[in-house]
Amino acid sequence: MESIPIEHGLILAAILFSIGLIGVLTRRNIVFVLMSLEIMLNASGLAFIVAASRWGHAEGQIMFLMILTLAAAEVAVGLGLIIQMFRRYKTVDINELSEMKG
Amino acid sequence: MLDLIWLLPTYPLLGFLALVLTSGRLPKKIVGIIGAGSVGLSFLTAAIIATQFLAGGEDYFVKEVWAWMAVGSFTPGFSFYLDGLSLVMMLVITGVGFLIHLYATGYMADDPSFSRFFSYMNLFVAAMLMLVLGDNLVLLYLGWEGVGLCSYLLIGFWYTNPANGYAARKAFIVTRVGDTSMAIGLFLLFAQLGTLNIQDVLHAAEAEWAVGSGLAIAAALLLLGGAVGKSAQLPLQTWLPDAMAGPTPISALIHAATMVTAGVYLIARTHILFEIAPSVQLLVAWIGLITVLMAGFIALTQSDIKRILAFSTMSQIGYMFLALGVGAWSAAIFHLMTHAFFKALLFLASGTVILSVHHEQNIFKMGGLRKKLPVSFASFLIGSLALTAFPFTSGYFSKDEILLAALEMDGPGTILWVGGVLGAFLTGIYTFRLFFIVFFGENKGHVPENEVGGIHMNGPLFLLMILSLVGGFIAIPVESVFSHGEVHEEHHVSTLIHGFMIAVPLIGIVISYLFFYAKIFSIEKLMSIPISQTLHRFWFSGWGMDWLYDRLIVFPFLWLSKINKADLIDSFYAFIVKFARASNAMIVRTQTGYIRWYALSIAAGLVVLISIGVLL
Amino acid sequence: MIILFYLAAAVAIIATVAVVLQTNIVHGLLYLILSLLAVAVIFYVLGAPFAAVLEAIVYAGAIMVLFLFVIMMLNLGQHTQNQERTWLTPRGWIGPSIMAAILLGQLLNVISGIDYEIVPTQVGVMQVSALLFGPYVLAVELASILLLAGLVAAYHLAKTK
């Protein structure tokens with residue numbers, strides 16, 4: 001079986017992470033922001049899997065499982081917040097929620 | 001039993017705590033029982049301790065209760081020192097104090113702050129006992145400041161009237177000048193002698209300092225500053241007349257019988273220090289004499305019954321200072337005791353008069369009260385006779401001893417004696433001026449329905465009357481304290497001089513009689529001369545001392561504070577505040593409320609962290 | 001196999017970029033699912049079949065369905081597209097892109113030092129579970145508590161009054 005340079009796997013993770021970051025910083029629709037966050041989390045999970053396969057260990061997969069759990073909980077809470085926000089402000093624009101300023 | 005000496009200040013202190021913690025929720029009857037009872041218990045204990053001490057024949061007794069603090073070699077303890085001097089003081093304080101407390105339960109009965117009054121009074125007695133029983137100067141200073149605090153609280157007791165608050169602050173600040181001087185004196189003593197235990201200090205000073213050496217003079221002068229402030233002597237005397245703003249029992253207890261004599265006690269207690277500084281001791285005599293005369297002249301012109309008594313107090317304490325100055329230590333303490341009796345009597349009687357005529361204090365609006373107020377009349381008669389040193393009353397013996405001691409002194413003794421006799425002459429005039437105007441002649445305003453008082457008000461008056469009459473026969477056991485350097489007790493003066501000394505106050509009384517009772521001389525005619533008007537104004541204002549201090553100290557200080565209104569030092573702290581505000585205004589802009597902005601900050605932080613990680 | 005890795009990587013990147021650029025939220029979600037599935041393929045190639053399966057079931061399946069439910073509840077569909085277009089101004093892209101580019105550059109710089117050829121070996125369910133319920137059992141418990149907390153919070157937050 002051919003080999004894959006570990007660099008390539010990590011670079012892929014870095015690219016996905018950066019794209020996710022752009023999404024978080026750019027989008028005003030909070031649902032898109034949450035989706036971009038999922039991309040970033042997934043990218044870090046990918047980095048763990050790449051590292052695990054470099055050593056041939058199972059620990060990386062366990063870390064991925066933890067990230068998965070975190071993502072699930074985060075999405076559940078985040079979507080709950082979105083529903084509440086939409087109920088109160090009738091919008092998904094996060095710029096509307098800028099009352100907490102100095 | 002002597003070991004129980006610590007109970008003396010403890011009883012009133014517990015009374016104070018009980019009254020303060022219940023803060024006026026107790027019924028007045030129980031407050032009175034706690035307030036007067038705690039001092040009564042103290043007196044009983046003091047009496048038992050005194051009999052045992054005198055029977056034991058020891059010179060002194062020390063009881064260390066616990067160590068207060070221990071800082072290096074500085075280890076003042078809560079220790080009590082009992083000798084003849086503190087014995088007399090503790091009996092006077094608890095005895096006269098108890099009578100005045102008893103009187104106050106009647107005098108203050110209608111006051112809404114009854115409980116507060118007694119809590120302050122009890123705290124005062126506790127502090128005063130601490131002052132006279134402390135075996136080191138730190139404990140003495142604790143009591144010293146404690147009585148100062150109580151004096152302040154009680155002068156301003158009726159605080160709703162701003163004038164009373166002003167009088168309280170004046171008393172506090174003026175005595176503070178003396179207290180600061182005394183504190184510096186304590187520092188000096190500790191720095192030079194390494195101890196503040198009174199007996200050790202005295203022995204060390206005697207051993208280490210030559211007579212008339214600079215350090216001895218400095219230490220004695222600084223202590224004298226404290227004594228002068230507390231005892232209302234020249235030049236810190238201005239607070240005492242205003243202190244009469246407090247309730248009358250306070251004037252009797254604090255501003256006549258006990259606290260103001262603390263200065264006399266301090267000098268007597270540290271008399272060895274004054275003996276090795278003869279120039280300061282002579283200064284004490286001169287201060288005493290000048291105060292006697294100044295206060296005597298002022299008292300001639302006053303119209304407020306309590307102010308007259310206040311100036312007479314000043315004058316009598318001046319006699320005590322005179323005695324201290326000529327080295328007649330036991331005469332000073334003797335006069336302190338007899339003065340406590342008859343001045344407490346006069347003040348309490350004036351309290352009854354004031355209550356009976358509905359809080360009128362101007363003697364020219366009284367008059368003819370002899371029939372209506374028989375108890376006050378008797379009290380005033382006996383008190384005034386004792387005050388003017390009428391033969392065989394208590395004041396006669398003590399004042400006689402002081403004047404004879406002055407006469408026997410070498411050098412300026414004769415001048416001091418002449419001054420003292422002149423003071424006695426003035427005492428005769430102003431005391432009976434008050435007496436005749438208040439109790440004889442026509443009533444000019446307030447006719448009392450009946451005399452205020454019950455057994456708990458008149459009882460103390462009767463007891464004090466007896467003490468004022470026979471107090472001169474009490475022998476105070478202070479020989480062992482002053483054994484050293486005491487002017488000898490046996491006086492050798494001709495009968496002529498003695499007769500003269502007895503006659504002078506009587507002449508004063510007669511002059512007063514001619515002016516104010518028989519009206520053979522007219523006061524109006526005297527006042528029509530311009531010079532006497534000027535003198536009257538000058539004396540009435542207390543020799544213009546308040547005016548002088550206003551010009552010398554108060555106005556320059558106000559002027560300084562005015563030009564430095566935008567405080568120079570404050571501007572530095574204001575800068576810190578401004579800097580913090582400006583930084584806040586800057587950083588607060590980063591808090592935009594936009595989540596994306598925060599996310600961007602996090603990303604930027606990440607970039608910076610990775611950069612640092614890579615570079616390092 | 002190596003071709004599959006690069007193919008899947010290309011799909012993942014393109015799909016992810018499409019998610020970020022998309023104005024239609026449902027399309028964006030579909031692209032996201034595509035991206036996640038591509039990552040699942042990569043997992044499989046790298047020898048982590050269990051993770052690949054979980055990625056497909058939990059991520060691309062359960063979590064995305066949750067998103068879909070919310071989008072339906074909020075009734076965000078075709079009509080919000082115009083609004084999305086007005087929000088996405090070209091100027092808004094500049095700052096975040098620079099920031100992301102700097103970060104990416106740094107990451108690449110860090111990664112470039114690592115030089116290792118991965119020869120994928122299969123690490124199956126058994127090995128993972130043996131570890132999970134062996135030394136990492138506490139982590140599993142913590143994860144379960146986290147999920148429980150998320151459940152309670154989501155229920156409470158989404159409740160109508």
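1. Two strands are taken to pair if DSSP finds at least two bridges between them. This criterion is applied here to a predicted model, and strand 1 of chain A, residues 4-5, meets it with strand 1 of chain C, the two running in the antiparallel sense over two bridges. Within this pairing, Ile4(A) has Ile118(C) of strand 1 of chain C as its bridge partner.

2. How many residues does each chain bring to the contact between chain C and chain A? Chain C contributes 71 residues and chain A contributes 60 residues. On the side of chain C that touches chain A, the elements giving two or more residues include helix 1 (2-21), helix 2 (25-45), helix 5 (90-111) and helix 7 (137-158), together with strand 1 (117-118) of chain C. Helix 3 of chain C gives the most to this side, with twelve residues.

3. For chain C, an unreviewed UniProt entry lists residues 6-22, 29-50, 56-76, 97-116 and 136-158 under "transmembrane region". In the model, the span of residues 29-50 of chain C is 86% helix and 0% strand, with its end C-alpha atoms 24 Å apart. Residues 97-116 of chain C are 75% helix and 0% strand, and the end C-alpha atoms of this span lie 30 Å apart.

4. The contact of chain B with chain A involves ten residues of chain B and ten residues of chain A. Helix 25 of chain B, residues 595-615, supplies the largest share of the side of chain B that touches chain A, namely five residues. By class, this side of chain B has six nonpolar, three polar and one charged residues.

5. Within chain B, the axes of helix 8 (residues 214-230) and helix 11 (residues 262-269) come within 7 Å and cross at roughly 155°. Because angles over 145 degrees count as roughly antiparallel, helix 8 of chain B is described as roughly antiparallel to helix 11 of chain B.

6. Which residues make this helix contact? Leu223(B), Gly226(B), Ala227(B), Val228(B) and Lys230(B) in helix 8 of chain B meet Ala262(B), Gly263(B), Leu266(B) and Ile267(B) in helix 11 of chain B. Sorted by class, the contact between helix 8 and helix 11 of chain B has six nonpolar, two polar and one charged residues.

Note on methods: Residues numbered from 1 in each chain as written. Chains lettered and ligands numbered in written order. Predicted model: local features only at pLDDT ≥ 70, side-chain atom pairs only at ≥ 80, totals over all residues. Contact = placed C-beta atoms within 7 Å. Helix = DSSP H or I, 4+ residues; strand = E, 2+ residues; numbered from the N terminus. Axes fitted to C-alpha atoms, helices over the stretch in contact; angles between N-to-C directions. Parallel < 35°, antiparallel > 145°, perpendicular 65-115°, else oblique. Nonpolar A, V, L, I, M, F, W, Y, C, P; charged D, E, K, R; others polar. UniProt positions renumbered as here; feature names shortened; annotations may be inferred.
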